[in-house]
Amino acid sequence: MTAVDSRAQGGFVGRPMKRKEDPRLITGRATYVDDIQPVGTLWMAFVRSPEAHARVTSIDTSAALAREDVVAVFTGDDLEGIAAPLPCAWVPPGVEVNAPEHWPLAKGHVAHVGDPVALVIGVDRYSVVDAAEDVVVEYEPLPVVVDPEEALKDEVLVHPGLGSNKVHEWSLGGGDLDAGFAAADVVIERRIVNHRVAGGAIEPRAVLAEERAGHITIWSSTQVPHFLRLFLSILLGLSEERIRVIAPEVGGGFGSKLQIYGEEILCAWAAQRVGRPVKWVETRSEAMMVTHHGRDQIATVRVGAKRDGTVTAFHAKILADFGAYLMLLTPAVPALGAFVMSGCYRFPAVQTDIVGVLTNKFSTDAIRGAGRPEATHMIEVAMDQLAHELGLDPLDVRRRNFIAADDFPHETALGIVYDSGNYQASLAKLLEHLDVAAFRAEQERLRGEGIHRGLGFSTYTEICGLAPSRVVGPGGFGLQTGLWESALVRVHLTGAVTVYTGTSPHGQGHETGFAQIVADRLGCDPEQVEVVHGDTAAGPQGLGTYGSRSLAVGGEAVAKATAKVVEKGKALVAHKLEASPDDIEVRDGRWIVRGSPEQGMTLAEVAGSAYIPEDIPEGMEPGLEETAFYDPNNFVFPFGAHAAIVDVDAETGKVKVVRYLAVDDCGPAINPLLIDGQVHGGIVHSIGQALYEQVIYDEIGQLVTGTFVDYALPTAAEIPSIETDRTETPSPVNSLGVKGIGEAGTIAASAAVANAVIDALRPLGVDYMDMPFTPMRVWNAIQEGQQ
């Protein structure tokens, strides 16, 4: 399929329109779960384990039940009616997975701090927390293991009944790895740690469930309302049509709300038991403790190359810390990175070997980028390390290994087909904004003044637009569903338009971008287009938002549904104006006969003719709405080039990002403002990991970083004004030509910052160190480097 210029018909696509969503969000008029309060709502609080690993020897609920403000107390022994443990829906194919059962409430054994052992339901939001403290739980502590390398030794078992902490082993490779290393003039090896992080969404999770007449409505701050309905149906034994899931404003997600959490299941289950609405709102401390974490991989990376920098082989061995349980996508996350372990390079041989392991920490799962930031960090840091080893310019090494711009679609050694790309162009565009020679001269001058400035690059590609069912489904990569997307476009009698999308945003701007796509095609203003999302009772079945799929899959579904409406509308207009449907075009807000602009109809007139069907073509049904389901034949592969400039204070170890530049290519822009917003947010997310953020457990499994006092997030004071630019290389996969952008900044930035910090530190004897580049860690590295 050849991509078309989606801006041809109207002119709204491509404009930097302000987001339609923002007025309600920034004026406090948006609706979050916590704003919804049905009559008679009860509150739920959890009793959570203070032990990282223990047997539960007794639970005394009598004091809590004696309180007048308590309605019920439940423990793991009371979970009658929940048919199965929490789901793990995606594991790599062809491997056996050593998976523990993960019940919403622990049954006699806890495996991490925060493991819930009881829930208390009461009449007041705050007193129910006090009541939870009245539940007396006795524990028999067990040995704890938090280091994944130690966990592999199986000297301490996270789940004794499993017999081993190893979850699985899985590999993906292509080309002759042994021959590649044998042909190399130099081989480098680095141990690259990508540490554990939290999602840190601005709003913690919240759930409210209500049962009426055998039907359950659940409001949840989830990225995947349709998946939640599916698993509620399975676990509670209810047919799906009796369950309605609504995701109002989500308050940020970044993957942390791409999950089926025990609290969601228990809220619905408890509402059935007590016969009243039940609400739970997560505290920030709970969010840090039991909203899934991300990353936590230890990689051993080997790269073989010729003296001129041509890479002959790339091998990554990854040890992935999965925490205590496997959640919805846990085992699949490191594997997602394996699919793009070639990066934007023509590596002739590449292999990724993954070992998953359990520890006494909370679970890891998808956090913005989900495996691809880890892979890009390995590749781009290794490319800089290789260049230094060979005494070559890091950019020259990259250019030498880039896939040629005329070699697309390109099949990598792994058998993955990249849709389109021009990595040379994005790097060239970046260098239009950055004079490297001038920087090096300034760097040398500043060192004489005691200022250690560094420059780092990251050229990346990523796999996104998660959808092709033939690739990711049960017969492919093992996901137990397809990954298409849906849309319904309805033109009302007055010419107003409602779009129902199966994707469910949490800040990306769907209501604006999708409205622009529809408005151009229907000849109306985006203000006339309302986009409805996040409600399983409104519109067709959908699959949610993750993996930068909203536009490339969900937006294409919207475009296809709109195209069906246009086709019907043209037939209707042609009938009314006695012309051929092929001669009808939408221009300047009117449906006209080509060459005779005086003959035309407005969208409202077209809709009026469809809904008052006195004169419509024979055989045409009344009404003007259409549905489309879209399952692409391939992923899409955005790419770009980023650069970071940092200053390192050698006296304190503090790192400051002085300048950050990003050139990204996500195909033709639907709305440049939305692109910039996503890129900015992604970069800040990644700078946060590189410099500040780290989830830390001590040796006995206690969470040390349980609040934002301990877990440092970047603020506006730490981030420079981010400079962005774009190239536009259309994808042939969809008619819009678009690719994803929501994760690009996060995927690229950590390596750019890491390479910049190491560039600054090399004169001080530091050739490599891992994130996070906190002042203490950097200062210690400097001291060791100068010994």
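**Close-up 1. V13, in the segment ahead of helix 1.** In this predicted model, V13 sits in the segment before helix 1, a helix that covers 22-26. Is V13 buried or exposed? Its relative accessible area is 3%, so V13 is buried. For a sense of scale, take G114, which is 101 residues away along the chain: the C-alpha atoms of V13 and G114 are separated by 47 Å.

Close-up 2. T501 belongs to strand 20, which spans residues 497-501. With a relative accessibility of 5%, T501 counts as buried, because the cut-off for that is under 20%. Which side chain does the T501 side chain reach with a polar contact? That partner is the side chain of T503, at 2.9 Å. Setting aside neighbours within four places in sequence, T501 is also in contact with S486 and F514, plus V531, V532 and H533.

**Close-up 3. Helix 18 against helix 19.** Here helix 18 (residues 672-691) packs on helix 19 (residues 744-761), with the axes 7 Å apart and an angle of about 40 degrees. That angle makes helix 18 oblique to helix 19. As for handedness, the crossing of helix 18 and helix 19 is right-handed. On the helix 18 side, look for V679, G682, I683, H685, S686, I687, A690 and L691; they meet G745, T746, A749, S750 and V753 of helix 19.

**Close-up 4. Helix 10 against helix 19.** Helix 19 turns up again, this time with helix 10 (residues 372-390): their axes come within 8 Å and cross at roughly 30 degrees. Helix 10 is therefore roughly parallel to helix 19, as angles under 35 degrees count that way. Helix 10 goes past helix 19 in a right-handed crossing. Helix 10 brings R372, P373, T376, H377, E380, V381, D384 and Q385 to the contact, and helix 19 brings T746, I747, S750, A751, A754, N755 and I758. By type, the residues in the contact of helix 10 with helix 19 come out as six nonpolar, six polar and three charged.

Close-up 5. F408 and P409 are joined by a cis peptide bond, with omega about -5 degrees. P409 lies in the loop between helix 11 (394-401) and strand 16 (410-411). M771 and P772 are also linked by a cis peptide bond, and omega there is about -10 degrees. Where is P772? Look in the loop between helix 19 and helix 20 (775-785).

Close-up 6. Most residues other than glycine have a negative phi. S548 is not a glycine, yet its phi is positive, at about 50 degrees. You'll find S548 in the loop between strand 21 (529-532) and helix 16 (550-577), and at 13% relative accessibility S548 counts as buried. D588 is not a glycine either, and its phi is positive at about 55 degrees. D588 is in the loop from strand 22 (584-587) to strand 23 (590-593). Is D588 buried or exposed? D588 has a relative accessible area of 73%, which means that D588 is exposed.

Terms used
Residues are numbered from 1 along each chain as its sequence is written. This is a predicted model: local features need pLDDT of at least 70, side-chain atom pairs count only at pLDDT 80 or more; totals for chains, interfaces and linings use all residues. Side-chain values use heavy atoms; hydrogens and water are left out. Helices (H or I, at least four residues) and strands (E, at least two) are DSSP runs, numbered from the N terminus. Buried means under 20% relative accessible area, exposed over 50%, partly exposed in between (1.4 Å probe, protein chains only). A polar contact is a pair of N or O atoms within 3.5 Å; within protein, one must be able to donate a hydrogen and the other to accept it, and residues adjacent in sequence count only if both atoms are side-chain atoms. Contact means heavy atoms within 4.5 Å. Axes are lines fitted to C-alpha atoms, for helices over the stretch in contact, and angles run from 0 to 180 degrees between N-to-C directions. Angles under 35 degrees count as roughly parallel, over 145 as roughly antiparallel, 65 to 115 as roughly perpendicular and the rest as oblique. A crossing is left-handed if the near helix is turned anticlockwise from the far one by less than a right angle, and right-handed if clockwise. Ala, Val, Leu, Ile, Met, Phe, Trp, Tyr, Cys and Pro count as nonpolar, Asp, Glu, Lys and Arg as charged, and the others, Gly among them, as polar.
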